[in-house]
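Please find below my notes on the model you sent. They are set out as numbered points, to be read beside the coordinates.

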Amino acid sequence: MKRYKLWVLTVWLVLGSLSALASCTTSDSGVHDQEGTDVPRTGKIAQIVERGKLLVGTTGDYRPLSYREAEGNYWGFGIEMAEKIAQRIGVDITFVPTSWPTLSADVMADPQTFDFAIGGITITDSRKTAMLMSDGYLCNGKTILCRAGDAQRFQSLADIDRPEVCVMVNPGGLNEKFAREQLSHATIVVYPQNEEIPSQVAEGHADVMITEITEAPWYVQNDTRLAAPLLSTPFTHGEIGVLMRKGQDDLLALVNAVIAQMKADGSLRKLHEKYGLVYGYDRPEEHSK
């Protein structure tokens, strides 16, 4: 009988120790991520934690935000943002190819192919109505690329909107939408590979590329044949964010928390500097909409 009581006491102590250990790694609100903050045990984030990896859709054609090398490796500003989010959740990350024409359909696909999309995705009212969009983490605006020798030729939208001017855009995104809405006289050519359009312009197959202030500097720095004469006076002003389907409010809140933390601790500014991008969050009112 004494041996039996001793055995029961031993088991009770072991279970108590395991319970105490568990309380150090979990809480009522969720499990701890790699940074020691609580991650919910229900909802979309719980599904990601159970899976063990974050699935991120990206076009891979948008230097320096999201680019896929021939061997399959991804790099860019948006890629590093996605990695920060995966780190906060405490899981690995896998990038899933998407495209500008199919972006919205891919985000809302059932079953899901990825948890959210990232890259050069501009925050718009239409996207916010149909889906969820995070807070902005990069200021953006429409501008142009042209040949360096034509920099003085194209100083305004009116200079571009002429019958003799050939404007090249990638299909299905906001660049094509902007061109068709704003250019009624220029010849608009849709080219399937966004990352190849700058070289098409440089080689004389088109005069102008409609692009973004986030993308244009990289090509000017890496190809002396190109210029971005309107970089400091973009046609539009906006922000880039993370896009996801509705019903993932817990994931949206976590993404916004990561963005807010990066703004507060200076790491977002450092990431801008790494990729040669202009940091626009010193005064929040500058980008309120």
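1. Overall make-up. This is a predicted model. The chain has 289 residues, of which 48% are buried. Its secondary structure amounts to eleven helices and 17 strands. Among contacts with a separation of 6 or more, 68% are between residues 24 or more positions apart.

2. Main nonpolar core. The largest nonpolar core has 50 residues. Those touching the most other members are Leu54, Phe77, Met81, Ile89, Phe116 and Tyr137.

3. Another core, of 17 residues, lies apart from the largest one. Phe154, Val169, Phe178 and Ala179 are among its members.

4. Ala82. This residue sits in helix H3, residues 77-89. Is Ala82 buried or exposed? Its relative accessible area is 0%, so Ala82 counts as buried. Leaving out residues up to four places away in sequence, Ala82 touches Leu54, Val56, Ile93, Phe95, Phe116 and Ile118. Val258 is 176 residues from Ala82 in sequence, yet the two C-alpha atoms are 9.9 Å apart.

5. Helix H2. This helix covers residues 43-51. Its buried residues include Lys44, Ile45, Ala46 and Ile48. After H2 comes Gly52, with a positive phi near 90°.

6. Asp250. Helix H10, residues 249-265, contains Asp250. With a relative accessible area of 22%, Asp250 is partly exposed, because the buried class ends under 20%. Not counting residues up to four places away in sequence, Asp250 touches Thr42, Gly43, Lys44 and Ile45. Lys44 and Ile45 are two of the buried residues of H2. Between Asp250 and Thr42 there are 208 residues of sequence separation, and their C-alpha atoms are separated by 9.1 Å.

7. Largest pocket. The largest pocket holds about 440 Å³ of space. It is lined by 25 residues, and Thr122, Thr124, Lys142, Leu174 and Lys177 are the closest to its centre. Helices H4 (103-107), H5 (125-130) and H7 (174-182) each give two or more residues to the lining. H7 gives the most, with five residues. By class, the lining has six nonpolar, 13 polar and six charged residues.

8. Largest cavity. How many cavities of 30 Å³ or more does the structure hold? There is one. The volume of the largest cavity is about 100 Å³. Its lining is formed by Tyr62, Trp100, Gly120, Ile121, Thr122, Arg127, Lys142, Asn170, Gly173, Leu174, Asn175 and Glu212. Four of the lining residues are nonpolar, five polar and three charged.

9. Cis peptide bonds. Two places deserve a look when the backbone is checked. Arg63 and Pro64 are joined by a cis peptide bond with omega of about 0°. Pro64 belongs to the loop between strands S4 (61-62) and S5 (66-68). A cis bond also runs from Asp110 to Pro111, with omega near 5°. Pro111 is in the loop between H4 and strand S8 (116-117).

10. Ala109. The loop between H4 and S8 also holds Ala109. Ala109 has a relative accessible area of 22% and is therefore partly exposed. Its C-alpha atom is separated by 8.7 Å from that of Arg245, 136 residues apart along the chain.

Key. Residues numbered from 1 in each chain as written. Predicted model: local features only at pLDDT ≥ 70, side-chain atom pairs only at ≥ 80, totals over all residues. Heavy atoms only, no water. Buried < 20%, exposed > 50% of the residue type's maximum accessible area, 1.4 Å probe, protein only. Helix = DSSP H or I, 4+ residues; strand = E, 2+ residues; numbered from the N terminus. 1 Å grid on protein atoms, 1.4 Å probe; cavity = no way out; pocket = protein on both sides within 12 Å on 5 of 7 lines; lining within 4 Å. Points joined across faces, edges and corners; volume = space filled by probe spheres on them. Nonpolar A, V, L, I, M, F, W, Y, C, P; charged D, E, K, R; others polar. Core = buried A, V, L, I, M, F, W, Y, C linked by side-chain atoms within 4.5 Å. Contact = heavy atoms within 4.5 Å.
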